[in-house]
Amino acid sequence: MAGIKEIRNHIKSVEATLKITNAMYLIASSSLRKARKQLTDVKPYFNKLSYTIADILHHSPNIIHPYFDQRPKIGPEDRKIGYIVVTGDKGLAGAYNHNVLKLAEEQIKGKKNSVLFLIGHMGRSWFSGKNVHVDPDFLYSAQNPTIAEAREMTATLLSQYQEGQLDEVWVIYTHMVNPLLLQPTCLKLLPLERDLFPWEPRTEESQPRTVNYVPSEEMVLDGLV
């Protein structure tokens with residue numbers, strides 16, 4: 001039977017662990033609130049972009065743009081597919097990282113021309129040493145995302161797509177339905193598909209109107225993408 005001193009030491013150890021876990025909980029809660037605010041702030045901007053793309057496609061049905069090129073002459077087995085995989089920089093996040101990484105492995109399975117563009121240290125650690133093609137120059141942290149980094153990522157991926165190094169671009173990330181429901185999601189980014197931009201005129205735009213995109217619909221669409 002344990003002595004009184006041993007029992008007291010065990011109690012102190014449990015109390016110390018409780019203080020540490022409480023501190024971790026407070027830090028995690030603060031980070032989650034910050035991330036949710038960022039998501040809430042950027043969502044109207046994203047929705048407006050999507051709506052404007054749909055508006056251009058609706059009013060210019062015959063528009064031709066490289067980002068809509070499905071490259072039908074390239075067969076499924078020969079298509080070069082890039083996957084942007086978004087993970088965290090640290091562990092202790094339950095199934096957050098694991099679910100995304102397993103989905104990424106499922107997506108690249110059997111695709112000989114796939115390449116991973118990893119965001120977050122957990123993704124790089126997971127695929128390190130595995131027989132998987134990872135872009136070695138695509139080194140970005142998941143912490144504190146900035147518009148400058150987003151532009152760098154965009155320039156890299158669009159350049160490879162335009163030069164034919166990639167035929168498709170997908171993003172694999174965690175969609176937060178609510179704080180208790182996180183869904184690993186695989187979303188196609190390029191080439192764009194018109195069906196992904198359905199047109200639903202807003203009530204305030206029910207009256208006839210004239211919209212001019214300057215310098216042209218193609219140039220505006222290029223900037224929006």
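Buried residues account for 28% of the 225 residues in the protein chain. The model behind this figure is a predicted one. As for overall build, the chain contains 5 helices and 4 strands. Going along the sequence, these elements follow the pattern α-β-α-β-α-α-β-β-α. The radius of gyration comes out at 23 Å, whereas the globule rule gives 17 Å for 225 residues; the chain's value is well over that, so the chain is more spread out than a compact globule. Taken along the principal axes, the box filled by the C-alpha atoms is roughly 85 × 45 × 25 Å. What about contacts along the sequence? If we take contacts between residues at least 6 apart in sequence, 65% of them join residues at least 24 apart.

Helix H1 covers residues 4–59 and helix H5 covers residues 217–224. Their axes come within 10 Å and cross at roughly 155 degrees. Angles over 145 degrees count as roughly antiparallel, and H1 and H5 are therefore roughly antiparallel to each other. The crossing of H1 past H5 is left-handed.

Which residues make the contact? On the H1 side they are Leu49, Thr52, Ile53 and Ile56, and on the H5 side Glu217, Val220, Leu221 and Leu224. Sorted by class, the contact of H1 with H5 has 6 nonpolar residues, along with 1 polar and 1 charged.

Definitions and conventions
Residues are numbered from 1 along each chain as its sequence is written. This is a predicted model: local features need pLDDT of at least 70, side-chain atom pairs count only at pLDDT 80 or more; totals for chains, interfaces and linings use all residues. Side-chain values use heavy atoms; hydrogens and water are left out. Axes are lines fitted to C-alpha atoms, for helices over the stretch in contact, and angles run from 0 to 180 degrees between N-to-C directions. Helices (H or I, at least four residues) and strands (E, at least two) are DSSP runs, numbered from the N terminus. Angles under 35 degrees count as roughly parallel, over 145 as roughly antiparallel, 65 to 115 as roughly perpendicular and the rest as oblique. A crossing is left-handed if the near helix is turned anticlockwise from the far one by less than a right angle, and right-handed if clockwise. Contact means heavy atoms within 4.5 Å. Ala, Val, Leu, Ile, Met, Phe, Trp, Tyr, Cys and Pro count as nonpolar, Asp, Glu, Lys and Arg as charged, and the others, Gly among them, as polar. The radius of gyration is taken over C-alpha atoms; the globule rule is 2.2 Å times the number of residues to the power 0.38. Buried means under 20% relative accessible area, exposed over 50%, partly exposed in between (1.4 Å probe, protein chains only).
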